Amino acid sequence: MAIQLQRYDIFEGLDDAETESLLALAVEKEYPAGAVIFREGDPADEFLLVEEGKIALQMRLPAALSPASRKVAVDFVAKGEVLGWSALVEPYVYTLTAVSLQKAKVLAINGSKLRSMMQNDHKLGYKLMSGLIKVVASRLADTREVLVSERLVAITPS
Amino acid sequence: MEGRNGELRVLVASDYPRVRDLLVEMAREEPGVVVVGQAENGARAVTLARSLRPDVALLDSNLPHTIGLDRVRLSRTGGLDAALAISEEVKPTKVIVLGNLDNVIFQEEGAALISEVTLRREVEAIPVPFTLRQLHKETPENDAVIFAEVARNRKKSLHRRLTEICEATIVYGSLGILAGLGLMITILLAVPGAALALASLAVVVLGLLGRFAISLWPKAASALPEYGQLEVSKQG
């Protein structure tokens, strides 16, 4: 199981003892296709590692843009990736809604217990936050790629 | 609302041509199902749904949002967005989102796979196969989007393999029959054939002897005087 956690980028650099202590906080959960795993605005009480499946992340459109308050998919995570990192960042509220597109299996780590562990073990906390920064930076780069591509599509003559 | 003669009108969408072919073939296997449109991205799927108003929209969850974004990883969430838009705006179209097409089509080999998949969804944690017509008939009108998957149909695979074995047996068996008949004809004609060969051999030998004899004949002809030489000898 320790090897299972170490394949996730956010846990790169953790030693076996640190990984074992994280596993003690983890619970395996399964979701059918179409299930809402968490909603935008809910308290972020779990940090999730995707073991199987594909999960779409949706954002609610502002009412001014969409009277029907439709959600749009802005990201997706697949096997080997993490979601729900809002559980580690104030104000600990999910900023997106997660919907499984396929049957999904996740390892759910309790957010408040993880934060307590990080506060008590600063070395572990530093390693986790370093890993988290890489995840967030990667997501930001992907989002910029979408923005640039959409602008190019908008200005390219058809 | 179904079309003329109870036909079920279906829209399919995926930006992979092989996947679109799979969805079209799978839909057409059902009697009375007509594929009325095909889309290669989410925006196009919504546009076609609005104009064609199909009974069922069958969407790949991996659709890019619009043209030109198919290489952008994060844009491949267009399937879900298109599904939500169609289910809200185009009633009573039933919308099915297939979440595992990329796993099934690209991780498993074989063009034969196209004829071996069926639709399946979880009902109380149990995977249940379904047809488009069943889903259209049984799903309540206010259901938003149905999340489903494609799965290999083991019975269809076995059926296909057995059919291939039978067809190969028929072909090779037919070739064997022809070879056997040819052999029988050869055996039946063995005696006349041998007689013909011997007679032909005799004719060849005669021909060779005659040619030899003719090759000797110019030596005998050179002893007779030429006509002109006879006249000179008479005068001399």
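In what order do the four strands of the open sheet in chain A lie? The order is E1-E8-E3-E6, with antiparallel pairing; two strands pair if DSSP finds at least two bridges between them. Helices (H or I, at least four residues) and strands (E, at least two) are DSSP runs, numbered from the N terminus.

This is a predicted model, in which local features need pLDDT of at least 70, side-chain atom pairs count only at pLDDT 80 or more, and totals for chains, interfaces and linings use all residues. Residues are numbered from 1 along each chain as its sequence is written, chains are lettered from A and ligands numbered from 1 in the order in which they are written, and side-chain values use heavy atoms, leaving out hydrogens and water.

**The sheet of chain A**

Strands E1 (26–31) and E6 (82–83) of chain A are the edge strands, each pairing on one side only. Strands E3 (residues 46–52) and E8 (residues 104–110) of chain A are joined in the antiparallel sense by six bridges. A:Phe47 stands opposite A:Ile109 in E8(A).

**Two helices**

Buried means under 20% relative accessible area, exposed over 50%, and partly exposed in between (1.4 Å probe, protein chains only). The arc is that of the directions from the helix axis to the C-beta atoms.

| Helix | Buried residues |
|---|---|
| H2 (residues 16–23) of chain A | A:Glu18, A:Thr19, A:Leu22, A:Leu23 |
| H2 (residues 42–52) of chain B | B:Gly42, B:Ala45, B:Val46, B:Leu48, B:Ala49 |

The buried residues of H2(A) fall within an arc of 140°, so they line one face of the helix. On the other side of H2(A), A:Asp16 and A:Ala17 are exposed.
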